[in-house]
Each structure stands twice: as structure tokens, then as C-alpha cells.
Amino acid sequence: MQDKLDVLRRYWGYDSFRECQAEIIDSVLAGRDTIGLLPTGGGKSLTFQVPAMLMDGVCVCVTPLISLMKDQVDNLHRRNITAVCIYSGQSRAERSLALERVNVGRAKIIYMAPERIGGDFLLQLRSWPVSLIVVDEAHCISQWGYDFRPSYLKISNLRALFPHVPVLALTASATPEVVRDMAANLQMTAPAVFRRSFARDNISYLVRRAEVKEQTLLRILQNTAGTAVVYVRSRARTAQLATLLAEAGISALAYHAGLDPHDKAERQDRWMSGAVRVMVATNAFGMGIDKPDVRTVVHFDLPSSLEEYYQEAGRAGRDGLPSYAVLIVSPRDKATLTRRLNEQFPGREFILEVYEKLSVFLNISVGAGAGQVYDCDTGRLINTFSLPPRPTLAALNILTRAGAIEY
């Protein structure tokens with residue numbers, strides 16, 4: 001009979017586990033609900049991939065990013081481990097093939113987006129021999145977390161379907177309050193919690209004060225080597241800075257959530273392969289990006305929270321070699337952060353106004369429409385009623401958190 005170290009050597013070629021990995025695996029194999037708090041680059045994936053190979057049945061991993069699913073499945077296939085993924089945007093044939101592989105027992109791990117956990121798909125899940133439920137980026141299930149995603153609340157349906165199957169929740173950033181909220185929302189029973197130090201001794205954290213940030217950014221990248229990520233907080237600025245860097249002889253691309261999926265994939269591939277040195281990106285880029293040799297992460301704009309900063313800065317130096325996380329600040333940043341917070345958390349009256357105008361826009365009565373799906377052109381909604389764009393999008397997200405709509 002194989003043990004966890006045999007599996008590690010056979011499929012991954014390692015002779016030992018990192019700190020906390022073996023303890024998490026043992027807890028899962030013992031059938032316990034488990035929470036793993038590991039730093040970025042701390043090897044979270046192995047804590048469920050190894051036990052998945054040792055357990056009968058299929059491991060279901062819920063993860064928020066399609067690009068992460070595809071990367072993980074491709075990596076597992078290279079190690080001769082059968083895995084599939086289910087997500088919106090797949091063709092009917094692709095989805096049918098993935099489901100068929102699970103149905104005939106030819107997949108050990110299935111990755112799925114949280115949005116898939118509901119309706120008819122739950123009936124399909126009921127017939128599977130599920131051995132382990134994994135929630136990656138588990139802080140997304142907590143309303144106290146910086147990156148709450150309402151779709152994650154659907155994971156409780158999965159737990160209700162398989163009440164005796166252990167749940168493993170993994171994240172790289174969670175306060176004690178978020179950990180408690182995660183455990184409650186996932187209906188965990190006395191979970192074992194394993195924490196690894198979040199200190200990253202190989203990363204040098206630096207602050208550079210500047211009146212003209214562009215000059216400082218150029219100087220940083222001209223005096224460092226290797227792959228880099230530059231984080232900004234607006235889509236327009238990704239293109240502006242990527243052009244600035246390219247004109248200075250530094251290969252760079254822009255990345256944000258508004259890009260066509262094909263463009264996103266192509267730009268990510270070029271950066272991952274080393275064909276392009278710098279990715280100038282919003283926070284849409286990074287979660288689940290498994291590139292170990294990022295030498296520099298620069299924050300051109302301040303993030304909204306320390307948790308968000310830690311997540312993004314921690315994408316540097318995952319190979320353990322010396323790396324830099326640089327924050328560029330200017331005297332205007334405090335006012336910018338204050339304005340951004342006001343946009344992210346509009347007042348109650350404005351939120352109610354957006355709800356009422358959304359009802360008019362969709363031609364439904366206020367309070368009606370439960371269980372129905374409507375196409376919503378958000379740009380046209382904003383233009384029709386002359387609404388401020390960012391507070392309106394924030395109001396729609398807050399209404400989603402409150403359960404009034406699902407946006």
C-alpha cells in the first residue's frame with residue numbers, strides 16, 4: 001500500500017514535504033475537516049493532490065479562476081495524474097467529456113468553478129464517489145475577507161450533499177475572524193487548523209517615495225533583473241505604463257479583467273514563458289499564477305488593504321531566491337485611497353436608488369424576479385440613468401452580498 005511519501009516521490013519527484021504539508025495531509029486522510037493557512041508559494045496544491053491519489057473516489061476542488069484550473073489540470077496530466085475541470089464557457093462536448101471521465105472513474109481530481117454548484121449539476125454530483133472536498137482561496141467565502149465572492153456561498157450545497165466527506169479549506173491570507181467565518185460557512189465540524197509562518201525571508205520589502213512615479217518605476221526595473229509584475233488600480237493605467245516601459249526598451253504587456261479571454265490567455269502565456277519581462281496589471285492578474293521566478297513585484301498604486309498587498313507582493317520569489325516587493329508612494333496617495341473607499345462603499349440611499357433603477361431598467365417590479373435570469377448591459381444602465389460608474393458597480397456588488405440580487 002502506498003503512503004504519502006511514496007506518492008510524493010513517484011509523481012512529483014520530491015523526497016520530503018514542506019512545513020505543515022504532511023500534517024495537513026494526515027488530517028485529511030484521517031477524515032477530519034481541515035483548514036490550511038499557508039503563505040503564497042507554500043505548496044497548498046500538494047496538500048490535496050497527494051491525498052487524492054491515496055483515497056478511493058474523486059476529489060472535488062472548488063477554485064475561482066479558470067486559468068488556474070487549466071494550469072493545474074495540465075500540470076497533473078504531465079505527471080500522469082488524471083484530472084478534469086468544469087467551468088462556464090466550455091463547449092458542450094468538452095463538458096460532456098469531462099463528466100464522462102468522472103462517471104467511469106477515470107479522473108482522480110475534478111476542478112470546478114463555484115458558480116457550477118447548483119441546480120441540475122448537483123444531481124450529477126450526487127452519483128459521484130466523492131472522497132474529498134477542497135475549497136481553494138477559501139477566504140473568498142467570508143464576508144469579512146477582502147475578496148468575498150457570493151458564489152462561494154454555494155459550496156455549502158456541496159457539503160450538505162456529502163456530509164461525511166472531509167472538507168479542506170486552503171488560503172494564504174485569513175485573519176482569525178475570517179477563519180471562523182470560513183469554518184461556519186463551510187459547515188465544518190471542529191476543524192483542525194494548521195498555520196505556517198507568513199514570513200518570506202527571501203523578499204526584501206521596500207518603500208520608495210516619489211513625486212513622479214513613472215521615473216521611479218523605470219529606475220527600479222532598469223536596476224533589477226528577471227520577471228516582474230507592476231500592479232496598478234485602473235485599466236487605463238495598465239496600457240499607459242506598458243507603453244511607457246516598452247518605449248524605454250523594457251518588454252511589457254497590459255492585463256486587466258476587461259480583456260478578451262483569448263487576449264488574456266495569450267498575454268499570460270507570453271509572460272509565463274519569459275517572452276515578455278513585465279506584466280502591468282490590475283488585481284485581476286495573479287491569483288493562482290504559478291510562476292516561481294518572479295524577481296520583482298512593484299505596487300505603482302496602493303492596494304486597499306494589507307491582506308491584498310500581502311497576496312500580491314507574495315507572488316515574488318516563490319522559488320526561494322532573493323526578490324523584491326517595492327511600494328511606490330506619493331503625497332497624493334492618501335487622498336486617492338480615501339476617494340476609492342468612498343466609491344467602494346457608497347451610502348445606503350444610493351444603493352437603494354441603484355436597486356430601484358435596476359428594476360426599472362430590467363422592466364420588473366421592485367422585489368420581483370426571484371429565480372429569474374436577465375441580461376444586464378451595465379454600461380447602458382449607467383448611461384441611461386447618468387449614474388457614477390464605480391459607485392454603481394460597488395452598489396451592485398453590495399446588493400449581491402446582501403442577497404437582493406445575484407450579479
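This report describes a predicted model, taking the sheet, the helices on it, the aromatic rings, the cysteines and the backbone in turn.

## The seven-stranded sheet

Seven strands make up an open sheet with parallel pairing, in the order β3-β4-β2-β5-β6-β1-β7. Its edges are β3 (83-86) and β7 (192-195), each of which pairs on one side only. Between neighbouring strands of this sheet the average turn is 20°, direction ignored.

Several of the pairings can be followed residue by residue. Strand β2 (residues 58-62) runs parallel to β5, and five bridges join the two; V62 has V135 of β5 as its bridge partner. On from there, β5 (residues 130-135) pairs with β6 in the parallel sense over three bridges, and V134 stands opposite L168 of β6. Strand β1 (residues 34-37) is also parallel to β6, with four bridges, and here L37 is partnered by T171 of β6.

## Strand β6

How many residues of strand β6 (residues 167-171) are buried? Five of its five residues are, and the strand is mostly covered. In a regular strand the side chains alternate between the two faces of the sheet. In β6 both faces are covered: one side carries V167, A169 and T171, the other L168 and L170, and all of these are buried.

T171, on one side, is the bridge partner of L37. L168, on the other side, has V134 opposite.

## Helices across the sheet

Helix α5 (residues 92-103) lies across β2, β3 and β4, and its direction is at about 135° to β3. Helix α8 (residues 176-185) lies across β1 and β6, at about 150° to β1.

## Aromatic pairs

A pair of aromatic rings is described by the distance of the centres and the angle of the planes. The model has four aromatic pairs. One of them is F48 with Y111, an edge-to-face pair at 6.3 Å centre to centre and 70° between the planes. This pair links distant parts of the chain: F48 belongs to helix α3 (residues 46-54) and Y111 to strand β4 (residues 109-112), 63 residues apart. Both F48 and Y111 are buried.

Another pair is W271 with F285. Their ring centres are 5.1 Å apart and their planes stand at 85°, so the pair counts as edge-to-face. W271 is in helix α11 (residues 261-273) and F285 in the loop between β11 (278-281) and β12 (294-299), 14 residues apart. W271 is buried, with a relative accessible area of 1%, and F285 is buried with a relative accessible area of 1%. Ring pairs link Y255, W271 and F285 into a cluster.

## Lysines over rings

K291 lies over the face of W271, at 5.7 Å from the ring centre. W271 is one of the rings in the cluster with Y255 and F285. Elsewhere, K213 lies over the face of F300, at 5.6 Å from the ring centre.

## Cysteines

How many disulfides does the structure hold? It holds zero. C20 is in no disulfide, and its nearest cysteine sulfur, that of C61, is 19 Å away. For C85 the closest cysteine sulfur is in C61, at 11 Å, which is too far for a bond.

Are C20 and C85 buried or exposed? C20 counts as buried because its relative accessibility is 9%, under the 20% limit. C85 also counts as buried, at 11% relative accessibility.

## Positive phi angles

Most residues other than glycine have a negative phi, and most peptide bonds are trans. C20 has a positive phi of about 80° although it is not a glycine. This cysteine is found in the loop between α1 (4-12) and α2 (21-29).

N80 is another non-glycine residue with a positive phi, near 65°. Its place is in the loop between α4 (66-78) and β3. N80 is exposed, with a relative accessible area of 68%, whereas C20 is buried at 9%.

Terms used
Residues numbered from 1 in each chain as written. Heavy atoms only, no water. Buried < 20%, exposed > 50% of the residue type's maximum accessible area, 1.4 Å probe, protein only. Pairing = 2+ DSSP bridges. Phe/Tyr/Trp six-rings, centres within 6.5 Å; stacked < 30°, edge-to-face > 60°. Lys NZ or Arg CZ within 6 Å of the ring centre and 35° of its normal. Disulfide = S-S within 2.5 Å. Axes fitted to C-alpha atoms, helices over the stretch in contact; angles between N-to-C directions. Contact = heavy atoms within 4.5 Å.
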